[in-house]
Amino acid sequence: FPEYAFIGRSNVGKSSLINMLTGKKGLAMTSQKPGKTLLINHFIINNNWFLVDLPGYGFAQRGKEGRQNIQRIIEDYILEREQLTNLFVLIDCRHEAQKIDLEFMEWLGENGVPFSIIFTKIDKISKGRLQENLKAYQEKLLESWEELPPILLSSSEKKDGREEILDYIDTINKSLKG
Ligand code: GDP
């Protein structure tokens with residue numbers, strides 16, 4: 001089965017998004033504590049693809065060694081997993097582009113890993129502000145990318161973006177089957 005992995009800095013709303021997508025409360029636990037998700041978790045969806053919950057990156061609480069170990073687990077999975085079809089990089093729509101996210105995406109590009117961006121928590125800002133932030137983010141991306149990665153929108157709070165993300169994945173799945 002093809003795998004679609006979700007990654008982002010801690011507190012970006014990854015657990016909430018995964019709960020929304022899997023539709024089963026408690027299947028992927030949401031946490032208040034940054035970086036509580038430690039292992040790589042797989043959820044089978046519709047009996048035809050795996051949703052993969054990757055540990056967050058970019059928080060200092062665990063100390064240097066812990067961070068390096070986690071980094072290695074993430075990197076090994078991303079670089080070596082044949083089934084990995086697309087990686088979703090979650091970005092909090094309220095924040096301006098962060099170096100750690102941009103560098104991570106550059107690393108994905110260098111390694112030929114297909115990825116898309118999901119702007120999370122879109123209920124937290126106005127539509128106008130969201131458009132401004134999207135534009136600013138795209139401009140920032142264009143400094144290092146010739147072609148923009150797709151940016152999907154989601155609000156786990158308002159259950160927005162669920163169908164779009166699932167359809168997006170379905171479309172890729174169908175194209176894989178030829
Ligand atoms: P994770 O650390 O990336 O897994 O983030 P969580 O899913 O645990 O969410 C972190 C915090 O943001 C929690 O307090 C969530 O309730 C809140 N949150 C997550 N997604 C949304 C969203 O779409 N809208 C709003 N308003 N809050 C959200």
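In this predicted model, buried residues account for 44% of the 178 residues in the protein chain. The chain holds 5 helices and 6 strands, and these follow one another along the sequence in the pattern β-α-β-β-α-β-α-β-α-β-α.

Which strands pair with β1? One partner is strand β3 (residues 49-53), joined to β1 in the parallel sense over 4 bridges. Within this pairing, Ala5 has Val52 of β3 as its bridge partner. Strand β4 (residues 84-92) also pairs with β1 in the parallel sense, here over 6 bridges. In that pairing, Glu3 stands opposite Leu84 of β4.

Strand β4 also contains Thr85. With a relative accessibility of 17%, Thr85 counts as buried, because the limit for that class is under 20%. The side chain of Thr85 reaches the backbone oxygen of Gln83 at 3.0 Å.

Attention now turns to the charged side chains. Side chains of opposite charge can pair when their charged atoms come close. In this model the count comes to 9 salt bridges. One of them joins Arg9 and Asp101, whose closest N and O atoms are 3.3 Å apart. Arg9 sits in the loop between β1 and α1 (14-22), while Asp101 belongs to helix α3 (residues 99-110), so this pair ties together parts that are 92 residues apart in sequence. The two partners can also be described by their accessibility. Arg9 counts as partly exposed, at 23% relative accessibility, whereas Asp101 is buried, with a relative accessible area of 2%.

A second salt bridge brings together the side chains of Asp53 and Lys14, with an N to O distance of 2.4 Å. This pair too links distant parts of the chain, since Asp53 lies in strand β3 and Lys14 in helix α1, 39 residues apart.

Another salt bridge is found between Lys135 and Glu139, with the closest N and O atoms 3.9 Å apart. Both residues lie in helix α4 (residues 127-141), where their separation of 4 residues is about one turn of the helix. Lys135 counts as exposed, at 53% relative accessibility, and Glu139 counts as partly exposed, at 47%. Elsewhere, salt bridges with shared partners join Asp92, Arg94 and Lys121 into one network.

Lys121 leads on to the ligand. An oxygen atom of the ligand is 3.0 Å from an N or O atom in the side chain of Lys121. An oxygen atom of the ligand also lies 2.6 Å from an N or O atom in the side chain of Ser16. At Gly13, a polar backbone atom is 2.9 Å from an oxygen atom of the ligand. Taken alone, the ligand exposes 570 Å², and the protein buries 82% of that area.

Which residues come nearest to the ligand? Of the 15 residues around it, these are Asn11, Ser15, Ser16, Asp123 and Ser156. The shell around the ligand divides into 1 nonpolar, 9 polar and 5 charged residues.

The side chain of Asp123 makes a polar contact with the side chain of Ser155 at 2.8 Å. Ser155 is placed in the loop between β6 (151-153) and α5 (162-177), and at 0% relative accessibility Ser155 counts as buried.

Conventions:
Residues numbered from 1 in each chain as written. Predicted model: local features only at pLDDT ≥ 70, side-chain atom pairs only at ≥ 80, totals over all residues. Heavy atoms only, no water. Pairing = 2+ DSSP bridges. Helix = DSSP H or I, 4+ residues; strand = E, 2+ residues; numbered from the N terminus. Salt bridge = Lys/Arg side-chain N within 4 Å of Asp/Glu carboxyl O. Buried < 20%, exposed > 50% of the residue type's maximum accessible area, 1.4 Å probe, protein only. Near = heavy atom within 4 Å. Polar contact = N/O pair within 3.5 Å; in protein donor to acceptor, adjacent residues only side chain to side chain. Areas by Shrake-Rupley, 256 points an atom, 1.4 Å probe, with all protein chains shown as cover. Nonpolar A, V, L, I, M, F, W, Y, C, P; charged D, E, K, R; others polar.
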